[in-house]
Amino acid sequence: MEILLSRFRNLTVLLILVVAQLVLLAYQVKTADDLPLIRVWAVTALTPVASALEAVRETTVGFFRDYFLLKQAQEENRRLKAEIGQLKLSNHYLKAELETIERTQSLAEFRSRTPSKTLPARVIMSGTGTDSKVVFLDRGSGSGVKKGMAVITPDGIVGRVINSYPTASQVLLVTDPSFAAGVVSQKGRVRGTLKGGPGRNTCIVDHVQNEEKVEVGEWFYTSGDDRVFPKGLPAGQVRSVREGKTLKEIVVAPSGLQSSLEEVLIVLEGVHQAIPQAPAPSEGEIYLLPPPPPEGGESDGSGQPGENGSPLRTDADELLQRYQRIGEAQGHVYGKHGTRPPEFNVRPPAQTAPVPPQGSGPQTAAPPRTGSNLSAPPGTPATDGRTGTSTQPAPVRRPAPPLTPSPAERKPEASPRPR
Amino acid sequence: MTEFGERLLIDVPRKSRSSRFRPAVLILIPLGSILFQVYVPNFVESLSYLELPLLVTVYFSLMRRRPVSGSFIGAGIGLVQDALSHQPLGMFGIVKTLVGYFAASVSLRFDVDNLALRFFLSFFFFVFHQLFYWVMVRALLAQALGFDFAQTLLFGLLNAIVALPLFAVLDKLKETG
C-alpha cells in the first residue's frame with residue numbers, strides 16, 4: 001500500500017483533493033446549505049484590498065478628472081477671453097455706429113427744424129500742425145459751399161468756411177484766435193465778440209464792459225451782427241467771468257465742439273431766429289397758488305380792458321347788466337307801472353362772452369400754461385395740460401407770465417348773490 | 001523528431017529546473033488576480049473576458065513542476081473564486097485543481113519557458129477550464145448553462161495573448177539561486 005501511495009503520490013493527492021471538493025459540493029447540494037466560513041474568509045481577505053484599491057482609484061481618477069477639468073477650464077477660459085475680446089471689439093464698433101446714427105439723426109432733425117438752408121458735411125481731415133484749429137469738410141464749391149459760410153451743429157456753431165475747393169472746404173474753428181463772431185448773452189442781452197481762447201477747447205467773449213452783467217453758466221447766442229452766423233444759434237456757455245481793467249474776461253465753452261466733430265451742417269442760406277428766453281431763476285422751487293377763479297360769470301374781475309377789447313366796467317355796470325338780463329328773462333320791463341317785480345334770486349341766463357382773437361399775442365419762450373391750471377380752485381389738484389393727468393399742485397416759478405384764462409374757463413362756480 | 005520538438009522536450013532532472021517563489025508572491029499574486037477579476041470589470045467591462053486566476057494557476061503550476069503543488073495551488077485559487085461566486089464551493093476548485101495538476105504534469109516533459117508552448121498551454125487550459133466547468137455545472141448542479149464554443153475559442157486566444165506578457169512579468173518574481 002505504501003509502495004502504491006508513493007508511486008502514485010501525485011495522482012493520489014489529486015484524487016483526494018477532487019474527492020474532498022466533490023464531497024463538499026455534495027454536502028452543499030444535499031443540505032442546500034452553505035459553508036459561510038470559507039466565504040467570510042475570502043471576502044474578509046479581499047474587501048479591504050478592494051476598498052483600498054477603490055480609494056486609490058477614486059483619488060487618482062479624481063485627480064486626473066480635476067486635472068483635465070482644469071485643463072478644459074483653462075482652454076475654455078482662453079477661448080472665452082478671445083471671445084470677449086471679439087465681443088468688445090464688436091461692441092466698440094456697434095457703439096461707434098450707434099453714435100454715428102444718433103448724430104446723423106440729430107443732425108437731420110435739426111436740419112429739418114432750422115429755417116436756414118443747410119448742407120450736411122463730414123469732417124474728413126484736420127489741418128496740419130499739432131495745435132491745428134482748422135478742419136476740412138467733404139463738401140466744397142461743387143456742392144454750393146462758399147467762403148465765409150457758417151458751419152454749425154445742433155449743439156452750436158463750429159466755425160467758418162475760410163476756403164472752398166471743388167471737392168472740399170476748409171473751416172476755421174471757433175477756438176482759433178483769429179476767429180470772431182458776434183454773440184449776445186441770453187439773459188442780459190450783453191453783446192460781445194466770440195474769439196478763440198487760450199485753452200485747447202475754450203473761447204473768450206471780448207468787448208464786454210465791466211458794467212455789464214454776465215453770469216457763469218449763462219448762454220451766449222449768435223447775434224447775427226457778423227453777417228456770417230444767423231442770429232439765435234447757441235455759441236457756448238460761460239465757464240468763468242472776471243473783471244479786467246475796462247472789459248470783462250469771459251471764458252466760454254463752445255457748445256459746438258463739446259463732442260467729437262464728425263458731422264456738421266454748412267449754412268448755405270441763413271435765417272435769423274429769435275434768441276430763446278432765459279429760463280426762470282432756479283433758486284429753489286417756490287410754490288404759488290393758482291390764480292383765484294373769477295367772481296361772478298360776467299366779469300374777469302380785472303376791470304381792465306382785456307385782450308378782447310371790452311371797455312372798462314365797474315361793479316355797478318355789472319350789477320346793472322345782471323338785473324337787465326334777469327328782467328329780460330322774466331319778461332319784466334323796469335319802470336313800467338303795475339308789473340310784478342322780478343325774482344332777483346334766480347340765476348340770470350349766462351352771457352355769451354366775446355371770443356378773443358387767436359394768435360395775436362406775442363410769442364414767448366415761457367412754457368405754455370393751460371387754462372385748467374389757472375382756473376382750478378385752491379385745493380384742487382392741478383392738471384397737466386399735455387397729458388390731462390391729475391398731478392400735485394404745480395409749483396409755479398416766479399415770475400410767471402400772467403396768462404388769461406379762456407372764456408370757457410370763466411364760468412362762475414356758484415350763483416352770485418346780488419349786491 | 002524535429003529540432004523544435006527536441007527543444008521542447010527536456011531531459012534534465014526536473015528538480016533542477018523547478019522554480020521557487022516567495023510565499024508572499026504565492027499568496028498575493030493569486031489574490032491580486034482574483035481581485036482583478038472581481039474589481040476591474042466594474043469599470044472596464046471589456047476586460048471581463050480575462051481569466052487571470054486561471055492564468056496564474058497555470059503559471060505557478062508550470063513553474064513549480066510539481067503536480068501536488070499545482071493541485072493545491074489550483075484548489076486554493078478555485079475555492080477563493082468559489083467563495084466570491086454564487087455557486088456552491090468546489091466548482092472552480094475542482095476545475096482548477098485539475099488544471100494545476102495537468103499543467104504541472106506537462107511541465108515535467110516540456111520546456112515551459114518557450115513562448116509558443118506557453119501560448120498554446122494558456123489557450124488549451126482556458127478552453128479546458130471553461131468546458132469542464134460547463135460540464136460540471138450541468139452534471140453536478142443540473143443547471144442549463146449555455147456554452148458558446150466559438151466565443152470560448154476567441155476568449156482563449158485573447159487570454160493566451162495576455163498570458164505571454166503576464167508570464168514574463170511573473171518570471172521576474174522567481175527566486176534566483
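This is a predicted model: local features need pLDDT of at least 70, side-chain atom pairs count only at pLDDT 80 or more; totals for chains, interfaces and linings use all residues.
Residues are numbered from 1 along each chain as its sequence is written, and chains are lettered from A and ligands numbered from 1 in the order of writing.

Chain A contains five helices and twelve strands, where helices (H or I, at least four residues) and strands (E, at least two) are DSSP runs numbered from the N terminus. Of its 419 residues, 21% are buried; a residue is termed buried if 20 or more other C-beta atoms lie within 10 Å of its own, exposed if 12 or fewer do, and partly exposed in between, with C-beta atoms placed from the backbone. Contacts, defined by C-beta atoms, placed from the backbone, that lie within 7 Å, are counted in chain A at a separation of 6 or more, and 58% of them link residues 24 or more positions apart.

Strand S3 of chain A (residues 150–153) takes part in two pairings, a pairing being called when DSSP finds at least two bridges between two strands. With strand S4 (residues 156–164) of chain A, S3(A) pairs in the antiparallel sense over four bridges, and the two strands form a hairpin with two residues between them; A:Ala150 stands opposite A:Arg160 in this arrangement. With strand S12 (residues 263–269) of chain A, S3(A) is again antiparallel, over three bridges, and A:Val151 has A:Ile266 as its bridge partner in S12(A). In a regular strand the side chains alternate between the two faces of the sheet. In S3(A), A:Ala150 and A:Ile152 point one way and A:Val151 and A:Thr153 the other way, and all are buried.

A barrel is also present in chain A, closed by six strands in the order S6-S7-S8-S11-S10-S9 with antiparallel pairing. Neighbouring strands of this sheet are turned by 40 degrees against each other on average, direction ignored, the axes being lines fitted to C-alpha atoms (for helices, over the stretch in contact) and angles in general running from 0 to 180 degrees between N-to-C directions. The loop between S6 and S7 of chain A holds A:Arg189, a residue other than glycine whose phi is positive, near 50 degrees; A:Arg189 is exposed because 12 other C-beta atoms lie within 10 Å. A positive phi, near 65 degrees, is also found at A:Arg227, which is placed in the loop between strand S9 (219–222) and strand S10 (234–243) of chain A. With 10 C-beta neighbours inside 10 Å, A:Arg227 likewise counts as exposed.

Chain B has eight helices and zero strands, and its pattern along the sequence reads α-α-α-α-α-α-α-α. Buried residues amount to 41% of the 177 residues of chain B, and 69% of the contacts between residues at least 6 apart in sequence join residues at least 24 apart. Helix H5 (residues 67–83) of chain B has 17 residues and, at 1.5 Å a residue, should span 24 Å, which agrees with the 24 Å between its end C-alpha atoms; the expected span is taken as 1.5 Å times one less than the number of residues. Because 15 of the 17 residues of H5(B) are buried, this helix is largely enclosed by the rest of the structure.

Helix H8 (residues 149–171) of chain B includes B:Ala160, which counts as buried because it has 20 C-beta neighbours inside 10 Å. Leaving aside residues up to four places away in sequence, B:Ala160 touches B:Phe119, B:Ser122, B:Phe123 and B:Phe126. B:Ala160 and B:Phe124 are 36 residues apart in sequence, with a C-alpha to C-alpha separation of 8.7 Å.

Between the chains, 22 residues of chain A are in contact with 20 residues of chain B. On the side of chain A that touches chain B, helix H2 (9–31) and helix H3 (36–113) each supply at least two residues, and H2(A) gives the most, with twelve residues. By class, this side of chain A has 17 nonpolar, three polar and two charged residues, where Ala, Val, Leu, Ile, Met, Phe, Trp, Tyr, Cys and Pro count as nonpolar, Asp, Glu, Lys and Arg as charged, and the others, Gly among them, as polar.

Note on methods: Two residues are in contact if their C-beta atoms, placed from the backbone, lie within 7 Å.
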